[in-house]
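This note is for a colleague opening the structure for the first time. Please read the points below with the model in view.

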Amino acid sequence: MGLLSVAIWLPILAGGLLLALGREGNGKAVRWLALLAAIASFVVTLPLVTGFDTASAAMQFQENMPWIERFNVQYHLGVDGISVWFVLLTAFITVIVVMAGWEVITDRLHQYYGAFLILSGLMVGVFSALDGLLFYTFFEATLIPMYIIIGVWGGPRRVYAAFKFFLYTLLGSLLMLIALLYLYYKSGGSFDIATWHKLPLSLGSQTALFFAFFAAFSVKVPMWPVHTWLPDAHVEAPTGGSVVLAAIMLKLGAYGFLRFSMPIAPDASHEYAWFMIMLSLIAVVYIGLVALVQQDMKKLVAYSSIAHMGFVTLGFFIFSELGVSGAIVQMISHGFVSGAMFLAIGVLYDRVHSREISSYGGVVNTMPKFAAFALFFAMANCGLPGTGGFVGEWMVILGTVKANFWLAAIAATTLIFGAAYTLWMYKRVYFGDVTNDNVRTLTDINAREFSMLALLAAAVLWMGVYPKPFTDVMHQSVEQLLKHVQTSKLPT
């Protein structure tokens with residue numbers, strides 16, 4: 001049992017303990033146990049980054065032992081420069097989510113926190129798994145706690161949103177399972193992902209595998225046009241569910257492209273790069289325009305997330321180190337920024353019980369501290385220089401310029417659309433005179449809310465001012481990935 005196993009199983013066991021021992025009426029003990037488990041899980045992940053060898057592209061902190069020996073399935077874990085930051089991000093966001101539900105959630109508290117802790121461990125498992133079947137197990141298992149979180153603690157249409165989320169993501173993953181079984185057969189009975197990367201596959205086989213993986217990962221990102229489940233899920237999910245969905249779960253799909261689609265089917269990835277770039281640009285432009293007309297704050301930020309994730313897939317499929325590194329930085333910064341945006345909406349919703357922009361106006365007059373945080377995160381969502389939201393977008397645009405100027409010009413429209421829908425929402429919600437009695441009686445954020453927003457603000461500022469630690473860790477792994485993808489895997 002190494003650090004990765006502890007990072008996976010500590011929150012899962014703590015969540016299971018809450019489910020087994022939790023009872024209505026002992027909410028204080030449940031909250032503190034959940035917070036201590038989340039903090040301990042985060043602390044465990046810190047040595048993964050502080051002890052990471054940035055000069056190596058190899059998998060580090062590996063653990064490998066038999067799991068299902070008859071079929072040669074291994075419990076094989078490890079992280080490289082691409083995945084290690086997502087393990088840390090997952091554990092950090094879990095701490096924030098536990099804090100976010102501290103006073104808000106009063107019904108079935110032990111089940112609520114148990115679901116989030118179990119989900120946290122499963123997501124760390126996705127980013128750490130080096131065995132194909134182990135990856136699939138963790139990948140699919142994440143659906144269960146999120147389905148419960150939306151379906152039990154969500155809004156009026158929570159059951160519809162939960163079913164839509166579950167069915168969309170499950171159906172796409174069934175094709176991935178077929179692809180994994182084919183690779184198991186072609187590799188002579190191995191589920192080792194590194195072995196799959198070396199398989200000489202025909203272009204026809206690669207194409208079939210590429211689109212099988214696309215079916216699973218594009219829904220998870222989500223890419224246009226299979227994005228329609230996300231706004232419904234976000235609107236109906238409780239605040240903590242929206243934060244985890246935007247900050248972590250969308251990254252599972254993008255991570256899958258890096259770990260499976262590109263290295264296993266490199267020739268097909270080049271062959272259909274135009275297709276991925278086209279869908280990415282549609283997400284950036286069209287979804288940005290859709291976000292402009294939203295009247296529900298959660299829907300607006302949900303569509304904003306789809307547009308930002310379009311930047312990520314664009315960065316992957318221009319096959320440049322600047323583009324891929326920028327896309328990974330964008331994934332991490334989006335985790336902080338989108339999580340903060342949904343938390344800010346949650347702070348308002350907890351007080352007014354409305355997500356409609358028209359229900360607000362002049363919030364800065366009654367909640368000045370909160371309005372300052374909200375403005376900072378809005379600017380980060382626009383890609384303001386000095387914030388984490390700028391670095392990844394700038395790197396992707398610069399990498400795209402080197403590939404094709406006109407593609408970069410289209411992609412850069414996100415800076416205009418992002419500023420338009422984010423700042424227009426901010427203006428209508430926070431500026432102006434107070435005309436609503438609900439806003440007139442608002443109280444500013446308390447110490448708990450200040451703490452969680454301050455932690456996210458510090459992370460966003462750190463990424464914007466000094467992104468070097470992030471890019472240094474991922475540099476060797478990205479370089480090796482691109483070198484591998486540029487080499488044809490067609491049979492000789």
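1. A residue is called buried under 20% relative accessible area, exposed over 50% and partly exposed in between (1.4 Å probe, protein chains only). At 2% relative accessibility, tyrosine 112 counts as buried, and phenylalanine 116 is buried as well, at 3%.

2. The model is predicted: local features need pLDDT of at least 70 and side-chain atom pairs count only at pLDDT 80 or more, while totals for chains, interfaces and linings use all residues. Residues are numbered from 1 along each chain as its sequence is written, and side-chain values use heavy atoms, with hydrogens and water left out.

3. Rings of Phe, Tyr and Trp (its six-membered ring) pair if their centres lie within 6.5 Å; planes under 30 degrees apart count as stacked, over 60 as edge-to-face and the rest as tilted. The structure holds 39 aromatic pairs. In one of them, tyrosine 112 and phenylalanine 116 have ring centres 4.9 Å apart and planes at 70°, so the pair is edge-to-face.

4. Which helix holds tyrosine 112 and phenylalanine 116? Both lie in helix H4 (residues 109-128), 4 residues apart, about one turn of the helix. Helices are DSSP runs (H or I, at least four residues), numbered from the N terminus.

5. Threonine 45 belongs to helix H2 (residues 27-50) and is buried, with a relative accessible area of 1%. Leaving aside neighbours within four places in sequence, threonine 45 is in contact (heavy atoms within 4.5 Å) with Ala7, Val87, Leu88 and Ala91.

How values were computed:
Helix = DSSP H or I, 4+ residues; strand = E, 2+ residues; numbered from the N terminus.
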